Amino acid sequence: MLWFILSGGMTLKIQTIDTLLGCVGQRNQLLVKVVTECGIVGWGESGLSNREHAVIGAIEHFKSFLIGSDPRRIGRIWQEMYRSHYFEGGRVLTAAMSALDIALHDIVGKALDVPVYQLLGGKQRDLVPCFACAYTEADPDKMEDLVKEVTALIDLGWTTVRVIPSGFDDPEVFEPRDSIVRTARALEALRKVIGPDITLGIDYHHRLSVAETASFCQRLESGTLDFLEEPIRNQSPDAYAALRGLTSVPFAIGEEFCSKWTALPYVERGLTQYLRVDVCNIGGLTEAMKVLGWAEAHYIDLMPHNPLGPVCTAATIHLSAAAPNFSLMETHQGPFSKFGWHDPAIFPKQHPLQGSHYVISDAPGLGVEVNEEAFRSSLPIVAEAPHLRRNDGSHTNW
Ligand SMILES: [Mg+2]
């Protein structure tokens, strides 16, 4: 196709860049549409949920020098976006770069008539296994529903299940001490029901301190938990190093990383055992592949964050397909997901989830089609993450 395009006198130069903000299911999605002079369209998605207007602003800045660029020079464009200002980096800019970087991979894949994984070294595996998300809180008072949900997932063939902690009876209040006591009790009871063969994880969504996390882990009998995701915020590698010495439970950290430099201490110092890279935040496929190679050298496996729509999911599938060091991918298309982020009326072509794994599409580019008219009519909602407080009135992490 590339030969055909070039021999026909058409060029691959970037002609237009548009941002599309819409609400699909229960949450907003920010897509980037990059159109080339020869008509090939690339789609990308940004991962900075609830701060989409800041990302749109960053993309407006990037447009001024990206229009007219050759989209095949993906690595050079990444450097130009990152380095062409004095105050480089940060989550807003790398979320914008991520969306554009993914869109450029989509364009080049389509131009070469190959799926994106071919641009990343080819696929290492034939399918992408996922972990299931259970949406019932791990709480002693909700055990009947939790056991029902988790055993139903196991009966459907899922071998790894991630649960969420207790502590949201009042959606505006989160009390860490209460949560860790109740969650630990529920997890021990759940482990007794599901037996030792199922891999069990929990996402604490960085709502704890070092002391609270240590206390939580020490309440669990050995073998209860196979991974603990994001117990504290990742601003301080030293805090994680202190925590690493206080528990033997493997960590899954990284969805907030916004460059190779933010990932660096966690990989090099062995502070995480699974890498939760988010391709829509870290700087796209270009940056994710660099961090992945580095993690491989340290025997750390990719467990990618995938909380958005089909464009994010497709980019994550291609990354997972090409990763030699891979464990499991997050999906919210499992049997109990009610989010509707992958609405087929808006995204008529996607990578199908079959049982507990994604089938890797061999379609050129990302393998996702966007019904632009339907997406544009799905108007964005005013979305703000919950502002949580403790019982004493102080503010705490969402
Ligand atoms: Mg998480």
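Strand 4 and strand 13 (residues 357-359) pair in the antiparallel sense over three bridges. Two strands count as paired if DSSP finds at least two bridges between them. Helices (H or I, at least four residues) and strands (E, at least two) are DSSP runs, numbered from the N terminus. The model is a predicted one: local features need pLDDT of at least 70, side-chain atom pairs count only at pLDDT 80 or more, and totals for chains, interfaces and linings use all residues. Residue numbers start from 1 along each chain as its sequence is written.

Within the pairing with strand 13, Leu-127 has Val-359 as its bridge partner. Strand 4 also pairs with strand 11 (residues 329-330), in the parallel sense and over two bridges. There, Cys-130 stands opposite Met-329 of strand 11. Strand 4 (residues 127-138) is joined to strand 5 by four bridges, and these two strands run parallel. Ala-132 is bridged to Val-161 in strand 5, and Glu-137 is bridged to Ile-164 in strand 5. Strand 5 (residues 160-165) is mostly covered, with six of its six residues buried. A residue is buried if 20 or more other C-beta atoms lie within 10 Å of its own, exposed if 12 or fewer, and partly exposed in between; C-beta atoms are placed from the backbone.

Ile-198 lies in the loop between helix 7 and strand 6 (199-203). Ile-198 counts as partly exposed because it has 18 C-beta neighbours inside 10 Å. Leaving aside residues up to four places away in sequence, Ile-198 touches Ile-154, Thr-159 and Val-161. Contact here requires C-beta atoms, placed from the backbone, to lie within 7 Å. From Ile-198 to Pro-165 the separation is 33 residues in sequence and 18 Å in space, C-alpha to C-alpha.

A separate description applies to an open sheet of three strands, with the order 1-2-3 and antiparallel pairing. Its edge strands are strand 1 (14-24) and strand 3 (41-46), each pairing on one side only. The twist averages 25 degrees from one strand to the next. Strand 2 (residues 27-36) and strand 3 run antiparallel and are joined by six bridges. Helix 4 (residues 91-112) lies across strand 2 and strand 3, and runs at about 150 degrees to strand 3. Axes are lines fitted to C-alpha atoms, for helices over the stretch in contact, and angles run from 0 to 180 degrees between N-to-C directions.

Two helix pairs were then examined. Two packed helices are described by the angle between their axes and the distance between the axes. The axes of helix 7 (residues 176-194) and helix 8 (residues 210-218) come within 9 Å and cross at roughly 20 degrees. Helix 7 is therefore roughly parallel to helix 8. Angles under 35 degrees count as roughly parallel, over 145 as roughly antiparallel, 65 to 115 as roughly perpendicular and the rest as oblique. Pro-176, Arg-177, Ile-180, Thr-183 and Ala-184 of helix 7 meet Glu-212, Ser-215 and Phe-216 of helix 8.

For helix 10 (residues 260-268) and helix 11 (residues 284-297), the axes come within 10 Å and cross at roughly 15 degrees. Helix 10 and helix 11 are therefore roughly parallel to each other. Lys-260, Ala-263 and Val-267 of helix 10 meet Glu-287, Lys-290, Val-291, Trp-294 and Ala-295 of helix 11.

Conventions: Contact = placed C-beta atoms within 7 Å.
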